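The structure is shown first, and the notes follow by topic.

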Amino acid sequence: MKQVLDKFFLPQSVAVVGATEKPGKLGNIVLQNLLQSSYRGKIYAINPKYRHVYGLRCYARLSQLAECPDLVVFALPAAHIPRLIEDCGEIGVQCALVLSDGFQPGVGEAQEDLLRALKENANRHGVRLIGPDSLGLMSPHIGLNATYAPAMPQAGRLAFISQSGSLGAAVLDWATEKQVGISHFVSTGQMADIGVDVLIDYFGTDSRTTCILLYVETLSQARRFMSAARAFARSKPIVVLKAGVSTIGARATFLHAGALAGNDAVFEAAFRRAGAIRVQTVQELFDCAQALALQPLPTGSRLAIVTNAGGPAILAADALETRGGMLATLEEDLIALLDRELPPTWSRSNPLDLSNLATPEQYRVAIRTCLQTPPVDAVLVIFTPQRPTDAEAVAHVVVQEARNTTKPIFAAWMGQRSAQLGRAVLEAGGIPWYPFPERAVAAFMHMVHYRQNLDMLYETPPDLPIDLPGINRAAACGVIEAVRAKGRLLLEEAEARHLLACYGIPVNTTYLARTEDEAAAIMRSLGGPVVLKIASPDIWHKSEVHGVRLGIETEFGTRQVFRFLMENVRQKRPEARVEGVTVERMVNVQHELLIGSFKDPTFGPVIVFGLGGVATEIWRDRAIGLPPLNLALARHLVEGTRIARLLHGFRHLPPAPVEQLYEVLVRFAYLLMDFPELAEVEINPFALSPEGGIALDAAARLEPARPAQRDPYEHLCIQPYPTQWIKRVQHPKSGLTLLLRPIRPEDEPLEAELVQNVSRESLYYRFFGFTPGFDHKMLARFTHIDYDREMAIVAVIEEEGGRPHIIGVVRIVGDAWRETCEYAILVADAWHGKGIGSLLTDYIIEIARAQGYRRITATFLKTNTAMRRLFERKGFAIRPGKEADYAELVLR
């Protein structure tokens, strides 16, 4: 697939179908853009109406060309294109860029039929499409401008993917004027074939691209997008501008969770889980990209502001606080040190206002001191044009000080004519500058959140058993099937509680009373204060009909409340089916929480956590996550709410057992993963107190039919832990039982132990050089993997007492298109020569074959004779190289 995409973005030849000299026509504009750029490839004009177009020979059909062009651009009425795609197939064209509109779904049958024919013909003839209704694509470094946009920016390091052609054209025009360089631009159009995920994968491996910018309105392949974004977010920042803020997620949901989370909020959660940076404006898109390209990531959110004017510094401080940052604190000894060098009128605090008479040398002292101070994570230098301070001289100071630090520096050079020379110096020195301080702060905070998000995503979670105890999937399935057998989609409260209990989520036991005598007897047997609730399959939110009464302490009170609830519901909801009243023990409630889920149309199951109770939709204190969850992700989900501060203890409130809450969230995610037919589930409230947590009320709704899925986890946008690849085998030489299973993030301590048990020579063979050490960042790269495109199998033994040890790990890292995967293996030295490498290799080949890869490749040092023998035994073809050899196994 990469070779195909190279023909789109690095074509040796381009054919324009619909080429013409008529002004205003697409075929005229795109051909002129190609001819007037510095593109050196061959350009062919195709149009049966002409013999020549702008001096080029014009061919009637593609089949008349002497060679097959790498890229065909269609710029003619839509009705002709499906038939002409067949011409592409006849001569072997693989890449077609469709600029024409007229394929809009939902507009009319004619256009839908054209779109269907376009897709079918392209698929039948092996032609990959970008478009239709695309603005086109650009690769400035080769002078390729296959668009109808008015301008092409200079070559640079930013790849820009836009789902809007008109916005793409405006941004390109702006980038050209501002001299912002791009590596590639592409307008996806309607994404009849190639979508955002494929383009992220391509630009992610492009050496000319250091940052990927996205403008998206919707996503049709959420899982592929998440996989692609997660694959490159660590090495190439992905900055997303998402349009279309809506409340689609609050459509006709029965429960609070769906009403609390709109579709845009789910996109926000998905971008965060993918490691992407979300911005709100086109300006922020490029401001953020510029900062990421020029400056290192900050280690924290503490900013020092150095300025010659108080007003702009106050605006910067306000913007910093609004976005969640903080001003770095200056200690007294540091202030005393600065007193010796700065003017007497300086502010003696952060922001460091040096006054309107600040000299370049005073700027230097302030900047250098801040950069050398540990509590400072970054510095913002603000300059306003005031005599006698020289804007250019101060800019030189900023550039010089930036060379001697690993902390990021931002500049706000205010004014216009008087600031131009200084801005030129900053730009040449690699310092991101902004005309206003608020924009600089926004760029800084985007970098802060990006760093924090990456740290969160690759945090080593506390260990949990792979098979959580207390989960009974068969019993849960029985609950759901029983509901369906009765012709219902809504689970009654008792059924919903039973479903949760099947996944080890603690629930308060309820008892159904059909008469007041039964209610009194139940209260007597429970022996304490009880809660009575109306029991009706037609009433979900019982508080709306005054259907709940708390703290009933006597049998007499129980009888009275029973009669009240029954009479009241007959008046308020006479049509409702009423089965009686449920009675349950009164529970100590310190915090009422909400744990819920609903199905998002793009990303599938969504988890909502926040403040519960009857006022949950008023306070709207909620955080959104996507399954699967581990304990670390569950903790960050909770920390994303305001109620989290109370859970950790506040004033007279003791801390709650949040570790239990995290495990409940993990179990809740397991439930959503295992049952795609769950449309909505809600626990409200989940009562949490120092004694523990328990679900006091539950509800659930099923999809009308169980989704038809080839993959049991197809409904998820993130591949969960692949338990199907867990197996136990007996080691033939030692007789020990080995556990072979996929690696997981919780394995980081075991992986570190494995590395410690491997000799320097073995590490040299594995990593093609001596490695000084393995820190968390490197180990996280090996243990936090995307199972959709990578697999690592560990061999685990257990010593007496049950403590596990990893004695070997084998992995394959695949390309995005499941064509080729690269193999690597590491075995503890004590287990060399005992068949562990052979066992692991056989298993990973089996997995690669099952996942549809066509070939496995590996590179190994010539001196690694043991590896050579292993490859030869497994049927790899070996091709010699200069320092290392190359092995390849074709899978059939």
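Arg789 is buried, because its relative accessible area is 13% and the cut-off for buried is under 20%. The model is a predicted one, and it holds 52 salt bridges.

**Arg789 and Asp201**
- Arg789 forms a salt bridge with Asp201, with 2.7 Å between the closest N and O atoms.
- This pair links distant parts of the chain, 588 residues apart: Arg789 is in the loop between α27 (776-783) and β34 (790-798), and Asp201 is in helix α6 (residues 196-204).
- Asp201 is also buried, at a relative accessible area of 5%.

**Asp377 and Arg302**
- A salt bridge joins the side chains of Asp377 and Arg302 at 2.9 Å, N to O.
- Asp377 sits in the loop between α13 (360-371) and β18 (378-383), whereas Arg302 belongs to strand β15 (residues 302-307), 75 residues apart.
- Asp377 is buried at 3% relative accessible area, while Arg302 is partly exposed at 30%.

**Arg364 and Glu401**
- In the salt bridge between Arg364 and Glu401, the closest N and O atoms are 3.2 Å apart.
- Arg364 and Glu401 are both buried.

**Asn33**
- Asn33 is part of helix α2 (residues 26-36) and counts as buried at 13% relative accessibility.
- A polar atom of the Asn33 side chain lies 3.1 Å from the backbone oxygen of Ala149.
- Leaving out residues up to four places away in sequence, Asn33 touches Asn145, Thr147, Tyr148 and Ala149.

How values were computed: Residues are numbered from 1 along each chain as its sequence is written. This is a predicted model: local features need pLDDT of at least 70, side-chain atom pairs count only at pLDDT 80 or more; totals for chains, interfaces and linings use all residues. Side-chain values use heavy atoms; hydrogens and water are left out. Helices (H or I, at least four residues) and strands (E, at least two) are DSSP runs, numbered from the N terminus. Buried means under 20% relative accessible area, exposed over 50%, partly exposed in between (1.4 Å probe, protein chains only). A polar contact is a pair of N or O atoms within 3.5 Å; within protein, one must be able to donate a hydrogen and the other to accept it, and residues adjacent in sequence count only if both atoms are side-chain atoms. Contact means heavy atoms within 4.5 Å. A salt bridge is a side-chain nitrogen of Lys or Arg within 4 Å of a carboxyl oxygen of Asp or Glu.
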